[in-house]
Structure formats: C-alpha cells, structure tokens
Amino acid sequence: MRIRAAVLHEPATPVVVEEVELAPPRDSEVLVRVAAAGVCHSDVRLADGELGAGRWPIVLGHEGAGVVEAVGEGVTHVRPGDHVVFSFVPACGACRTCRAGRPNLCEPAGERGVAGTLMDGTSRLSLPDGTVLQHGLMTACFAELAVVDAAAAVPLPRELPLWQAALLGCGVVTGIGAVRNTARVRIGETVCVIGCGGVGLQVIAGARLAGAALIVAVDRDPAKLELALRRGATHAIDVSTGDAAAAVRKLSEGGVDHAFEVVGRAETIRLAWDVLRPGATAVVVGLAPKGVEVSLPAIEFLSEKAIRGSYYGSANVVAELPQLVAFVADGRLELGEVVSHVAGLDGVEAALERLRRGEGARTIITVDPALAGYQSVAR
Ligand SMILES: [Zn+2]
Ligand SMILES: [Zn+2]
C-alpha cells in the first residue's frame, strides 16, 4: 500500500515527506496506524549520519503510538483496534542477554536495529521505484502506517491519549529506566542531570519519583531549565554562565551520588564524571556520534568513582510499561508538559533543526491528529 512517510535519502540533507510503499505484515508482525510520534535526538544522529555508514535511505521515527490495523499469523497479544506504543527493541526472548534478564540488550534486535530491518532481516518499506528503505530503529513511525515485529507493539489502556503515550516509547522508558534500573537511585540521594531535553526531563521526573533529595539540572537553554524546575529539579545551572562542575559540587557539598549525562558529547560526559562524589557513578544515557572518545583522570578511580552506559533505560519495556502508565493515571507522572512543539508529518525536519540548535524539549508529530487525541487539548 502507498503511505506518506518522512524519508532520509542521504545524511545531512533534509528529510522529505513523500509517498512510499509499505508491504503487509508477515507472520509475527503487526500493522499499526500511527497516531503520534516524538522527535528524539537519536533521530538527529541518524539524520546527520553520525551513527556510521550504510544507514540510509531510511524512514525515521522510533518513539510513537498508534492503533493496530491488522496482525500477521501467530500474533495473539493484540487485535485490530487496540492501542499500542512502540518498543524499538522487540526482544527475541531467546538470546544470551534476553535469557540473562536484559531484554534491552537483545542481540538479534540490536543487530537488526543497526541494519534497519525487522527481526526476519528484511524490510517492508520501499520507494515507488523499488529501492529498499530501512526501518528507523525497527519502528519507522514518522509515517501514516508502520509494520513492526509483534514484540514492538506493546498494548496500552485506551484512556491514555496517544499523543502523550507516544512519549513512553523512548523518552520516558529511557529516562525513568536510567534512574530506576540502571542507577537504582534511592530515597535521599543526590542527583545531577546534564541535558534537559526530551529524555533529560524524564530522568528528572524519575529522580523525583525515586525520592532524590537534590536534583540539579544542567543545560545551556534557560527555557529547558525552566521546564526542568517545573518537572521536579531542585536547582538549575546554566552551563554557559560559568564553571558548572564547581557549582554542582558546591550545591551537593562535594559531589552528587548519581550523575546522568543525557546529551551524548565528550565534554558533557566528562562533566558528569567531574560532579561525582567519591564512590558515585555517572550514567551515560546520551547517544554520542560514532568515533567520539572520552578521557578521564585515571587517578580518580582511586576514589571508586564509576561510569557506565544505559540503553533504553536498562528496561524490560513490556513488564514495566503498566507501572509507568499507572504513574500517569494517578498523576505522579505528567507526560504532556515536556512537549514544547506540536506539528504534522511535514514538521519533522523543522523539529530536527530545533534539536540541532538545542532548542525546545520535545516535538510531537501528530501524524493523525484525531487519533492522537491532541485537538481536544488547549495548549
Ligand atoms: Zn529516542
Ligand atoms: Zn534476545
């Protein structure tokens, strides 16, 4: 079938919204009508060719939600009409890391994600001339319809508006998961969050939910720092106004228990290290371009400082989603406030541009405004 989708033909060229061909779902796959999708900084990395060669032409978009339109053979967990959020790691459940209880690191899903295919190693997307298109992070939801692996379609309660639910798919799971699963922040601990965009604001929400006593937000955009304070940060530091590391260490009386880097740059990863107290850990959530290296003062390993990565919130999305939805339902987690811009499918390129400039938090693309439930909200 012919659908409209946001296609990246070549890195560093604008994303083009055009008609593409989408083949029907095969066994163990689901066809989803996309309601809404968030534009994430990882989309910028892909669009700018910073994650390595061979990742285009591609339909971008990995944070989204929609309504099941059809299911392939063997799909039993969802039916047409069900609301779903996309998981961009449709874990196989059988590989070494899946069996070890770390489905976010599923080996075949990781390989297919880089290859731009679905789990069976092929694509359902092509240009009208037959050129095969890659599926952005196995999701490709900057499109009217998406075919995903069954495990990538996670059921949602109907009460949650889909423009908000879309955020769960990447930002919320990644940010709150980094706090709860990767760092395991405990009540009364101190936290620093470097980068207050769509994911960083979720890290802040996670730290507040975890009972952190001090949450220092660091960014270079005053508007994002404003949002960070509204989301539960206790202090905000503008890096452009001086020595941010010294300021964080002063506020936390010698350094924080947990630092989260949510930018993906060598300087900010180093900053996360520099704000730690002895024995504390820096968690790198931000996706850095391929080839970026970080240097650390090795003498400081003496103080048992540590640094580790966090991918997709170290989460088991299927198991944890109901809890996140419950947080939203009882008002402990507000989703809409991180949304700084709303646009149609034609607005993807402008949203990528804003992210390149470090401007605004999250743009939500309402692919189908009625389905997204956005039109009823006065913003
Ligand atoms: Zn993302
Ligand atoms: Zn696996």
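Author: Strands, marked E, are DSSP runs of at least two residues, and helices, marked H, are runs of at least four; they are numbered from the N terminus. The model is predicted. Now to the loop. Strand E8 covers residues 132–135, strand E9 covers 145–149, and Met 138 sits in the loop between them. Ala 140 lies in the loop between E8 and E9 too.

Start with the backbone angles. Most residues other than glycine have a negative phi. Met 138 is not a glycine, yet its phi is positive, about 60 degrees. Ala 140 is another non-glycine residue with a positive phi, near 50 degrees.

Next, burial. A residue is buried if 20 or more other C-beta atoms lie within 10 Å of its own. Met 138 has 27 such neighbours, so it counts as buried. Ala 140 has 34, so it is buried as well.

Now another loop. Most peptide bonds are trans. The bond joining Trp 56 and Pro 57 is cis, with omega about -5 degrees. Pro 57 is placed in the loop between helix H1 (41–47) and strand E4 (58–59).

Last, the packing of a helix. Helix H9 spans residues 266–274. Its buried residues are Thr 268, Ile 269, Leu 271, Ala 272, Trp 273 and Asp 274. Those buried residues pack against helix H8 (244–251) and against strands E11 (190–194), E14 (256–261), E15 (276–284) and E16 (306–309).

Key:
Residues numbered from 1 in each chain as written. Chains lettered and ligands numbered in written order. Predicted model: local features only at pLDDT ≥ 70, side-chain atom pairs only at ≥ 80, totals over all residues. Buried ≥ 20, exposed ≤ 12 C-beta atoms within 10 Å, placed from the backbone. Contact = placed C-beta atoms within 7 Å.
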